[in-house]
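Please examine the sequence and the structure shown below. The paragraphs that follow lead through them step by step.

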Amino acid sequence: MRVLIVEDEVRLAENLATALRDGPGFAVDWAEDGLAGDDLAANPCYDLIILDLMLPKLDGLGLLKRLRARRDATPVLILTAKDGADSIIQLLNAGADDYLAKPFDLGELIARAKALIRRGKGAAHPTLNTLGMEVNTLEQTVRRNGNFVDLSPTEYRILEYLIHRPRVIVSKRELLEHLYDYNWEHHSNVIEVHVSNLRKKLDAAVPEADPIIETMRGRGYRLAPSFPAELDPTAEDPAIDRTTERTR
Amino acid sequence: MKLRIQPRSIAFRLILAVLGIELLSSVLVVALSYGYERHIHFHAFDVMLHGRVDSILGAVQEADDPGENVMLEQADLHVPPEDIYEVWDENGRLLGRSANWKDAPDWKTDGGAPPAHPWGDYLLISTNGHHYRLLRIQGSRTIDPRENGGGKVRKVTVIYGSQTGHVWHIIHQAVQFYAIGSLALLLVTGPLIAWLLHRGLLPLRELAALASQVSVDSWHFSPPDSARTTPELAPLTHAIEAVLQRLERSFTQQKTFVSDAAHELKTAVAVQKSSLQLLNMKRRTLQEYQAGLERCVADSLRLESLVADMLTLARAETPAPNAEAQPTTDLNHCISQVVTQMESIASLRNVKVAIPDLDPKAAPLNVAMHAEDCRLLVSNLLLNALQHSPSESTVEIRVTTNPGSNPPVAVLVLQDHGDGIPGEALPHVFDRFYRGDPSRTRNTGGTGLGLAICKALVQKARGAIQIASQPDAGQPDQGTAVTVLLPLAS
């Protein structure tokens, strides 16, 4: 998952970025003013935007309005030092999804960030049960048919992203965009190695199982291709279709 | 009609004044009417007395005696029975007297004397239990006018008096009528005036009602037309409007400052809190802990300088008490001190500080400012100039005096050759928490209060501060010049 932080206070942005990278393992980009934030947010690779209100050049509310005006549905978490229900109501009405008042608790911020990303993908519970897999996003553990699968952090992040989008072909580029921030060297073969390892580990958990991740040559990866659509519990979920449309 | 009349209220005082004047005029009317009525009625009374005296004279007859005397024929006399009279002849002989005059004085000598005035003179006496007004007049009676070519003229003195009681009664009644009439008018006009005043003061009450609706949350004040068009209320209305506008402006400024200050403080606290929580998120190595703690200390120092600057600003904005003696500081000495203190920072940034005009032997240039304020002002301005100066440039400090201005001032100019300030930012540089380039000043640790503190310090010393900037690259005068005018100590 990739998060954009728009915050003009350098030290706060540093701390937030470090916490989000170290904790839930998100990729984090940082913009230090409203206009730069708007430029970055135009890229659909973000799963969450953490937005400060008082920003130079373009304030948080202005950025939020621009974002929603171009039908960008990315969840937005506002950081505000302002008191008063009025400004909070105004923010929520302008399309913000949640807010935190400064000085906030880092743990709470991470929990809210996770919840907003989850909701943005259409899942309500932090434990995702799909295709015989149980992915606990809090502990970052994976079980397949009850068997524990030991994954590296990157493998876990790939699975977490794919599991939100079953039966959709996810390109390598999309995976890269959502898992790595701009500070990372982009090498697509890194992804290939990680996906290959992930597939092996998942398939090893269940004897004689069909491969759960299918490689579409030149197009990307697809999760759970072998399941008939009518048996798939996530097929009826409209939220997943909506996210798919947005990313396209 | 609801009348709330309190002592000292304008309505109360006006009503009191009008009623007082009315009362005074009533008293005057009563006094005048008393004088007038008295004059009229006593005049008529005197005319009547003359008439009666004439009747008495008519009753003076020739006596049938050899001395050719006269006598008073009282039988033919028809005068009111309560009147009194007596008649004397020129020899002091009493010719007759009314029967009801019991204790008549014996005017043998002076009673018979002719009155000083040909029309008679008047006496007031009290007899028979009544007050009488007496007319004494001399008349004459000619005896036997046909004999000896003209007869003999006998002079008689008549004293005639009539009771004044009923005249006084009439006068009193007339005066009483006027007094009661005035009192009744007073009673009627009192409430009438109160009511008229109540109506007349309606615009004032409307104005007060609207003005009382103004509060911290709602500054809107639209004065009623009645108040705007009333000549007496128009200045008050304008004054209220002006005061409210100024109040709202300063209140908004204050609110903005508090909200900005809260934002800055909360952000600084958020940085600290997140730094500590980040450090505590997982087990770390000793080196990581050390690095984290160093960052936390740096964050605390920033918070500390922010709080210190806010306190300095609050202190600088507190006006000096008037009773205090005028402070004096040598500006030249202050500048050389600050430049010495800042040498390390200047050399760190590789910037030269030039003071071309400063002569250490020159006489002190005393400005009316506290030494600490002066040091703070100069060091803030110099630090600002240093922070915006590129490497290997020069910051010039020039001090001149302008003794011709009123009051005579010292002129301090700090010129740097940095990037300058864009025109749209220039009017705001003295605003609190304003940052010309937010990311840079945050990185350099500025609190956004430095120039606001300078302005407050200069204003406290009753001076002026201006800033001019040439942001265009390549211009010879590129950079920013801050000019400070400080009144000289007298």
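Over all chains, the structure holds 28 salt bridges, a salt bridge being a side-chain nitrogen of Lys or Arg within 4 Å of a carboxyl oxygen of Asp or Glu. This is a predicted model, in which local features need pLDDT of at least 70 and side-chain atom pairs count only at pLDDT 80 or more, while totals for chains, interfaces and linings use all residues; side-chain values use heavy atoms, with hydrogens and water left out. Residues are numbered from 1 along each chain as its sequence is written, and chains are lettered from A and ligands numbered from 1 in the order in which they are written.

One of the salt bridges joins the side chains of Lys172(A) and Glu192(A), at 2.1 Å from N to O. This pair links distant parts of the chain, 20 residues apart, with Lys172(A) in helix H7 (residues 172–179) and Glu192(A) in helix H8 (residues 188–205) of chain A. Helices (H or I, at least four residues) and strands (E, at least two) are DSSP runs, numbered from the N terminus. Lys172(A) is partly exposed, with a relative accessible area of 27%; buried means under 20% relative accessible area, exposed over 50%, and partly exposed in between (1.4 Å probe, protein chains only).

In chain B, the side chains of Glu86(B) and Arg97(B) form a salt bridge of 3.0 Å, N to O. Glu86(B) belongs to strand E3 (residues 84–89) and Arg97(B) to strand E4 (residues 94–97) of chain B, so the pair ties together parts that are 11 residues apart in sequence. Glu86(B) is buried, with a relative accessible area of 0%, whereas Arg97(B) is partly exposed at 25%. Another salt bridge of chain B, between Arg375(B) and Glu372(B), spans 3.1 Å, N to O. Both residues lie in helix H8 of chain B, three residues apart, about one turn of the helix.

The two chains also meet each other. Chain A and chain B bury about 2,100 Å² between them, 57% of it on carbon and sulfur atoms; buried area is the accessible area (1.4 Å probe) that two parts lose on being put together, summed over both. On the side of chain A, Glu9(A), Arg11(A) and Pro103(A) lose the most area to chain B, together 26% of what that side buries. The contact (heavy atoms within 4.5 Å) takes 21 residues from chain A and 22 residues from chain B. Four salt bridges are counted between chain A and chain B. In one salt bridge, the side chains of Asp299(B) and Arg11(A) meet at 2.8 Å, N to O. Helix H1 (10–22) and helix H5 (106–120) of chain A are the elements that give two or more residues to the side of chain A that touches chain B. The largest share of that side, seven residues, comes from H1(A).

Some details of the backbone remain. Most residues other than glycine have a negative phi, and most peptide bonds are trans. The peptide bond from Lys102(A) to Pro103(A), however, is cis, with omega near -5°. Pro103(A) is placed in the loop between strand E5 (98–101) and H5 of chain A. Glu392(B), although not a glycine, has a positive phi of about 65°. Glu392(B) is found in the loop between helix H8 (371–387) and strand E11 (394–402) of chain B, and is exposed, with a relative accessible area of 68%.
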